[in-house]
Amino acid sequence: MGQDLYSGSSFVYDPWVLYARGLITAPNLVLAGIVGSGKSCLAKSLYTRSIPFGRRVYVPGDPKGEHTAVAEAVGGRAIALGHGMPNRLNPLDEGHRPSGFDDAQWAGQIASRRRDLVGALAETVLERRLSPLEHTAVDIAIDRTVRTADVPVLPMVVERLLAPDRAEDPDGRLADDGRLVGHALRRLVAGDLAGLFDGPSTVSFDPTLPMISLDLSRVTENATLISVLMTCASAWMESALLDPAGGQRWVVYDEAWRLMSHPALLRRMDAHWRLARHYGIANMLIFHKLTDLDNVGDQGSAMRALASSLLANAETRIVYRQESDQLGATSAALGLTGTEQSLIPTMGTGQGLWRIKHRSFVVQHQMHPAELELFDTTGRMTGGQ
Ligand SMILES: Nc1ncnc2c1ncn2[C@@H]1O[C@H](COP(=O)(O)OP(=O)(O)OP(=O)(O)O)[C@@H](O)[C@H]1O
Ligand SMILES: [Mg+2]
């Protein structure tokens, strides 16, 4: 990665190697630093330099669109989503079939994923959990849609939720149970969130590519839409992620603080972190300060607990420059020594304190000129100079 500033020697890092050697028990990584401290550049170097070693990279949501150029440069693909863009993702897609599933297992897997995803989308729009009655209504609507349609799409499910078959619902109770969910999902089909999830997918997921990034920079500031998009996208990538034969992969959440406030998404992230080891995934979570995790949900809430467990489960924590009011909280969270704490406000661009389990390193990330050019995010600020 660059130079170890204590010893002057080179500093190398690979979470899978550390895991294989028993030095860490999970390959997840958390990276925090103030605006412009070099976090995204470090992330890009970490993952591009690991591609020649056979690793792949997924960015399930890139709010600034800054990983797009990198994805294209390494022979991968960036998919831009947003209003006015031609790309659509169908939440009812079967998805990539992982190896080692027989037909019955695969059918079960598809059914449960569809149910989970449509449920998560409805919960995101409703901003609450579904009731058992609503779950049943969703279940029946999906089941009937899938049976009758060649390519099931969300509008069909909404239609069945709002107007179930008379024969199945003689007393109209099913329709009552599904009314709120139906109207919530209708927003994705006919309301302000229409045009992204309401038809067959226009892009297919190719898990053999070295890198896939979901470019959300065209999504106008709409918290619900970003959350819905990320939920769909992470589910869309999930089947590829959860393929035990999929090899070793980075899953990068840049600008994670924007994403952590969405409960359905946070639950998915948490699941991925728990499964990381088993499936060869290294999750990378990037935010500004460690206390971003404390702003998730209400104190004592399940969301707050989930966010804290993400930090607790990351054995590699990299701290870039922090504001002085953050030093106490950062030191407490990471158990830093006084010397380490005093270093943090003085660090320059690309310098960070790396805590790998209980060991500490101060590292200057060195970039190749080609990386500097490709990864540059200051172009728009300086007019491309
Ligand atoms: N190791 C480095 N060596 C030299 N220049 C660097 C290094 N890291 C970052 N930079 C420069 O700093 C700029 C900002 O870096 P980067 O976009 O990675 O910051 P960031 O921490 O992700 O900021 P933000 O919080 O705004 O996302 C880069 O465009 C690059 O020019
Ligand atoms: Mg950044």
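Guide: Two strands pair if DSSP finds at least two bridges between them. Strands (E, at least two residues) and helices (H or I, at least four) are DSSP runs, numbered from the N terminus. This is a predicted model, in which local features need pLDDT of at least 70 and side-chain atom pairs pLDDT 80 or more, while totals for chains, interfaces and linings use all residues. Residues are numbered from 1 along each chain as written, chains are lettered from A and ligands numbered from 1 in written order, and side-chain values use heavy atoms, without hydrogens or water.

Start at β2. Its residue S10 is the bridge partner of Q3. Strand β1 (residues 2-4) pairs with β2 in the antiparallel sense, over 2 bridges. Both belong to an open sheet of 11 strands with mixed pairing. The order runs β2-β1-β11-β10-β9-β3-β8-β7-β4-β6-β5. At the edges are β2 and β5 (77-80), each pairing on one side only.

At least two lining residues each come from β2 (10-11), α1 (15-20), α2 (39-50) and β11 (359-365). The lining of this pocket splits into 14 nonpolar, 3 polar and 7 charged residues.

α2 leads on to ligand 1. It gives the most to the shell around ligand 1, with 3 residues. That shell has 19 residues, and K39, S40, C41, H365 and T377 come nearest. A residue is near if one of its heavy atoms lies within 4 Å. By class, the shell holds 5 nonpolar, 10 polar and 4 charged residues.

Look at the polar contacts (pairs of N or O atoms within 3.5 Å). A polar backbone atom of C41 is 2.8 Å from an oxygen atom of ligand 1. K64 puts a polar side-chain atom 2.9 Å from an oxygen atom of ligand 1. For H365, a backbone N or O atom lies 2.7 Å from a nitrogen atom of ligand 1.

The structure holds 2 cavities of 30 Å³ or more; in a cavity a 1.4 Å probe fits but cannot get out. The largest cavity contains about 110 Å³ of space. Its lining has 13 residues, with P91, D93, R113, L117 and W236 the closest to its centre. α4 (103-126) and α8 (223-241) each supply at least two of the lining residues. α8 gives the most, with 4. This lining divides into 6 nonpolar, 3 polar and 4 charged residues.

Note on methods:
Nonpolar A, V, L, I, M, F, W, Y, C, P; charged D, E, K, R; others polar. Polar contact = N/O pair within 3.5 Å; in protein donor to acceptor, adjacent residues only side chain to side chain. 1 Å grid on protein atoms, 1.4 Å probe; cavity = no way out; pocket = protein on both sides within 12 Å on 5 of 7 lines; lining within 4 Å. Points joined across faces, edges and corners; volume = space filled by probe spheres on them.
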